[in-house]
Amino acid sequence: MKILVVDDSRAMRMIVQRTLRQAGFDATIVEAENGQEALDKTKSEKPDLILSDWNMPVMSGIEFLNALRGGGNNTKFGFVTSESTPAMRAQAVGSGAAFLISKPFNADTFKDTLNGVV
Amino acid sequence: MSTQALDPVPVPRLEEIKGTFCMLLAKDVRVEQCKSYEKHTDDGVISIVRDDEGNALAAVQVDAKIAAGAGAALTLMPAGPVKEVKTSADVFPTHLENFREIANVLAGLMNSQSSPHVTLGEVLRIADGLADDVRELRANPTRRDVFDIDIPGYAAGRLYVFVR
């Protein structure tokens, strides 16, 4: 399995990877710093799952998701974000996200959420 | 959105603060609420939480060694330099940048359906000086909570939450 982790914070990308390992997901990890870079890497790397932050420079997570779906790409997609209002959740699901994990999270959160998706 | 008719931003609960530190640092960080009144220290690292209009509605201040310790532990940097931190001026830029991740998650916890939408603004060494609105918030908050934090192997100290 290949997972694309998208976050403008290097530290947070590392934490997401660490939590994936703790949750038992033995995956190849690809990283991107913003939505635009992630869009390019989705095309070149063809990940099985995308975990993306919401607020990022250049292209936000929701813009990335909309561009992805607008281009006909249906890769499984979830948000990992520090902010998760009901409106954001509704927008995420409406745009085609499978889930939204809010920080703080732990390995159990990842296990419970991702096992239903991948 | 007007902030007049809304509730104050919520203070993160003890278990939310603990969960944030434990998640980000992958350590069993001890967090306890201070029962007694403890005046905040003059120095430290402070993160400002602002509404969509830029008003400082809350702030989270930590002792300099907590900012340095958390910043170091976040990316598995050695604890040695953290022990030398005496004031916020001693906090390395890398530690400060890493600490911003923790501050960002804490700021996210200060949103609710009934309070103004807030996001993390600046994360500052108090030694570098504070804007008037932040000084006022620290001096006259409507609510102030204090927590003891112990990051095993790195640092122990205080975390203060100020809400306007």
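The model is a predicted one.

I begin with chain A. Its 5 strands form an open sheet with parallel pairing, and the order across the sheet is S2-S1-S3-S4-S5. At the edges stand S2 and strand S5, the latter covering residues 99-102, and each of these pairs on one side only. On average, neighbouring strands of this sheet are turned by 20° against each other, direction ignored.

Next, a single residue of chain A. Ala27(A) sits in the loop between helix H1 (10-22) and strand S2 (28-32) of chain A. Why does Ala27(A) count as partly exposed? The reason is that Ala27(A) has 18 C-beta neighbours inside 10 Å, whereas a buried residue would need 20 or more. Beyond its neighbours within four places in sequence, Ala27(A) is in contact with Met1(A), Lys2(A), Ile3(A) and Leu20(A). The C-alpha atom of Ala27(A) is separated by 10.0 Å from that of Leu49(A), 22 residues apart along the chain.

Helix H4 of chain A, residues 86-95, lies largely in the open, because the number buried among its 10 residues is 1. Just after H4(A) comes Gly96(A), with a positive phi of about 110°.

I turn now to chain B. Here 6 strands form an open sheet in the order S1-S5-S6-S3-S2-S4, and the pairing is antiparallel. Strand S1 (30-33) and strand S4 (118-125) of chain B each have a single partner strand, so one side of each is left without a neighbour in the sheet. Neighbouring strands of this sheet are turned on average by 20° against each other, direction ignored. Strand S2 (residues 45-51) and strand S3 (residues 56-62) of chain B run antiparallel and are joined by 6 bridges. In that pairing, Val49(B) stands opposite Ala58(B) in S3(B).

Helix H1 of chain B, residues 14-25, packs on the sheet and touches S1 and strand S5 (143-151) of chain B, its direction making about 165° with that of S1(B). Helix H4 of chain B, residues 93-108, lies across S2, S3 and S4 of chain B and runs at about 150° to S4(B).

Finally, the contact between the chains. Chain A contributes 13 residues to the contact, and chain B contributes 13 residues. On the side of chain A that touches chain B, the residues divide into 6 nonpolar, 4 polar and 3 charged.

Notes: Residues numbered from 1 in each chain as written. Chains lettered and ligands numbered in written order. Predicted model: local features only at pLDDT ≥ 70, side-chain atom pairs only at ≥ 80, totals over all residues. Contact = placed C-beta atoms within 7 Å. Nonpolar A, V, L, I, M, F, W, Y, C, P; charged D, E, K, R; others polar. Buried ≥ 20, exposed ≤ 12 C-beta atoms within 10 Å, placed from the backbone. Helix = DSSP H or I, 4+ residues; strand = E, 2+ residues; numbered from the N terminus. Pairing = 2+ DSSP bridges. Axes fitted to C-alpha atoms, helices over the stretch in contact; angles between N-to-C directions.
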